[in-house]
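Visitor: I have a structure to read. Please take me through its features.

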Amino acid sequence: MRPLPSGRRKTRGISLGLFALCLAAARCLQSQGVSLYIPQATINATVKEDILLSVEYSCHGVPTIEWTYSSNWGTQKIVEWKPGTEANISQSHKGRVCTFDNGSIQLFSVGVRDSGYYVITVTERLGSSQFGTIVLHVSEILYEDLHFVAVILAFLAAVAAVLISLMWVCNKCAYKFQRKRRHKLKESTTEEIELEDVEC
């Protein structure tokens, strides 16, 4: 085989060098991939509260963001979107979810059934992805239980007060009845004694 002229060798070397440089740059960009930051990995909330599941990501290009929910009741997709476009919200969360371009979502009026694991997956256009998890615990409002107990105690106290009042009235009536009876007995005894004295 005949060697190539020196001018062609240089051009071929430069194009191979440029190709290697582009390939290295692409690898470098791809290796950076997606980074995801979750400032609060565990959230405690009460019923009817609005909760912000806050995250921040950084990547090259516009990623696809997906939130899923997993608990004892199963796993379901909540929402998927690309920042700047309309979000695809599942039927179970329609009207209860608000999305933000930084990847965060807000859940409105949470209930006990919303307790569980919320997984965010950020997928870059080139295919690299990163996921993170936020644990949400929703509990009943304690003062509602205390309010119920207080109402029951107030009702029982009112019933006890009525019963005590009735017992007092009954006691007074019984005392008056006994007094009248004694008075009648005393009068009848006095009359009998007077009759006996008269007969004698």
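Visitor: What does the accessible surface of the chain come to, and what share belongs to carbon and sulfur atoms?

Guide: Accessible areas come from the Shrake-Rupley method with a 1.4 Å probe, and for residues only the protein chains shown count as cover. Here the surface is about 15000 Å², with 60% from carbon and sulfur atoms. This is a predicted model: local features need pLDDT of at least 70, side-chain atom pairs count only at pLDDT 80 or more, and totals for chains, interfaces and linings use all residues. Residues are numbered from 1 along each chain as its sequence is written, and side-chain values use heavy atoms, with hydrogens and water left out.

Visitor: How many helices and strands does the chain have?

Guide: Both are DSSP runs, numbered from the N terminus: helices are H or I, at least four residues, and strands are E, at least two. This chain has 2 helices and 11 strands. In sequence order the pattern is α-β-β-β-β-β-β-β-β-β-β-β-α.

Visitor: Which residues does the "transmembrane region" annotation cover?

Guide: UniProt positions follow the numbering used here, feature names are shortened, and annotations may be inferred rather than shown by experiment. The unreviewed UniProt entry gives residues 146–170. That stretch is 100% helix and 0% strand, with its end C-alpha atoms 36 Å apart.
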